[in-house]
Amino acid sequence: MPLPVLLVIDGDQDALEDVAARLVRRYGLDYRVESASDPEQALGALAELADAGDELALVLAATSLSDATGGGLLQRARQLHPHAKRGLMVAQGAWADPPTAETIVDSIAMGRIDYYVPVPANAPDEVFHHTISTFLLEWATERRKVPDTVHIVGEEWSGRAYELRETFERCAVPHDFCLAESDEGRILLARAGPDAKLPVMLLPDGRALSDPSNAEIAEAAGAPADFDERDFDVVIVGAGPAGLSAAVYGASEGLRTLVVDEGGIGGQARSSSLIRNYLGFPRGVSGHRLAEQAYEQASVFGASFVFMHRVTALSRSREQLTLSLTEGRRVSATAVILATGASYRRLGVPTLEALTGAGVFYGGPASEAHALSGADVFVAGGGNSAGQAVLYLARYARRVTLIVRGASLDAGMSHYLIQEIQATPGIDVRISTTVVGGGGDGRLRQLVLRDASVGNDETVAADALFVLIGTRPHTDWLPPDIARDRTGFLYTGEDVPNHDGWLLERPPSALETSMSRVLAAGDVRHGSVKRVASAVGEGSIAVQLVHNLLAAQQSAEPRSAAGARARPR
Ligand SMILES: Cc1cc2nc3c(=O)[nH]c(=O)nc-3n(C[C@H](O)[C@H](O)[C@H](O)COP(=O)(O)OP(=O)(O)OC[C@H]3O[C@@H](n4cnc5c(N)ncnc54)[C@H](O)[C@@H]3O)c2cc1C
């Protein structure tokens, strides 16, 4: 297999040679390092690599090339090599100089670069290498060049195979997918036996599971088999940013902690290709990387996770809160943190609902974006999430069309995103338009769009539709005595209306719902700020409140020394 390429472009010959030599010394075994000293030579190299089918992992261009010519160059790099990471090399400390900072911010906003790289100074310069290896890790993760443990074999557009891939991706289980009729697929299917029913899952221990159930998938993803026989201090429902944060703080502070999620880790954040506004990540962080790291962190501290299990009911019996899960399992705890977030509203078009996972996707693009090169893709929605999705898809698709019900983008989308959409080739915006129909033979083939301004319906060919048209909180399953607002978001603390159904003398604590010892954190909460950072913050506060509630309960009802818990740090 030819090695993936790292390309360095710099008009300063000494600097070019220095950077190339450092890359060869550090990465030469796994990557081929090439260099170019002017944009024309670089364009030739980019085209040659594309013609030869070579993979470009990273292209670094010096700031001197970030003028019109350099900008065009990096734009061209993205067209020819959509997966390649693109770094702008700036002098040490120059990111703080206003003109350089402006170049960096503009280049990122216009999608020309992924981030900046300070040129190396001392030898060895570990800050430089940290940036390079972060780029390469992102690239390898997107290109699935991480070791695979679970193989999934299925048909390209089968909804269940898609669900499986999504789940493993969301549970941070390394996996790969191949088509049943491919050479690799045939070899794997032979291991599964002649009666195997698609999709088939081949586990690292050699087991092959035919069309596996959710429980089998959860077990393969690491759920403890006896979780319903254990005692927990706190059960967290939902493994999005709020739930993962509660898991990290709960487990690290000595609480016996279980997290249950109907899918995998990351919640909505999982579908964000780059979160740029999360504290401490100046280069941004993809939602899935943030979630994977939080999951690992919580697991190391001792939190247990059960994926692919939906919580369907919550009841109270004396001091215990009991949650019922799909597959008939039940789990009890002294406190519960509801971190079930929210999800995108459905279109309500039955023919399109039937194609969910087979060309119709709710939420932003993640794993499926790579499969859409050369495709005609549509995004329905007028908010920032829809804007981000359109820009991400434009890297891969032939054409991306944004369908907006309102008469302009201004009402729902940030100005910087509107600018970036206008500046990106291959994107169409259709305002005053809604999706009213569509279908296909087992996968999406066409959409029917209604233009309210002229009042007619048009049928257009479509390979994929991403729906991002508003959120709905995941609270339908909760008992009626947990108070919520008109749209279903949970009241907490002072917002609990007239302390509805509240039987204790003390008022509900800050994140406590109208059922005592049941707290809510993150997007599911009435009045929450719909951001990763606030969900994470609320997850940690919820744990602090759980400590207080357990301590109050302990002082009312002293426990044996064996049952004593660690004190909060
Ligand atoms: C495409 C996109 C891009 C975004 N970009 C940004 C950004 O750049 N910056 C930013 O700050 N924010 C961003 N956000 C918003 C951010 O992702 C959310 O605010 C955040 O994820 C909320 O976290 P949460 O834990 O409260 O809920 P969620 O992330 O919604 O997670 C809830 C979890 O609960 C699970 N669940 C629900 N019901 C049940 C049940 N009954 N049983 C078991 N499990 C259940 C779900 O499966 C899910 O995993 C973005 C969102 C999207 C969709």
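A residue counts as buried when its relative accessible area is under 20%, as exposed when over 50%, and as partly exposed in between, using a 1.4 Å probe and protein chains only. Helices (H or I, at least four residues) and strands (E, at least two) are DSSP runs numbered from the N terminus. You are looking at a predicted model, in which local features need pLDDT of at least 70, side-chain atom pairs count only at pLDDT 80 or more, and totals for chains, interfaces and linings use all residues. Residues are numbered from 1 along each chain as its sequence is written, and side-chain values use heavy atoms, with hydrogens and water left out.

Let's start with α12. Seven of the 10 residues of α12 are buried: Ala386, Gly387, Ala389, Val390, Leu391, Tyr392 and Leu393. Their cover, by contact (heavy atoms within 4.5 Å), includes β18, β19, α13, β20 and β24.

Now follow α12 (384-393) to the ligand: this helix supplies at least two residues of the shell, as do α9 (241-252), β16 (342-344) and α14 (532-556). Of the 36 residues around the ligand, Asp261, Gln268, Tyr344, Asp523 and Val532 come nearest; a residue is near if one of its heavy atoms lies within 4 Å. The shell divides into 14 nonpolar, 15 polar and seven charged residues.

A ligand nitrogen lies 3.0 Å from a backbone N or O atom of Glu262. Ligand oxygen atoms are found 2.8 Å from a polar backbone atom of Gln268 and 3.3 Å from one of Arg531. On its own the ligand has 1000 Å² of accessible area, and the protein covers 95% of that, by the Shrake-Rupley method with a 1.4 Å probe.

How values were computed. Polar contact = N/O pair within 3.5 Å; in protein donor to acceptor, adjacent residues only side chain to side chain. Nonpolar A, V, L, I, M, F, W, Y, C, P; charged D, E, K, R; others polar.
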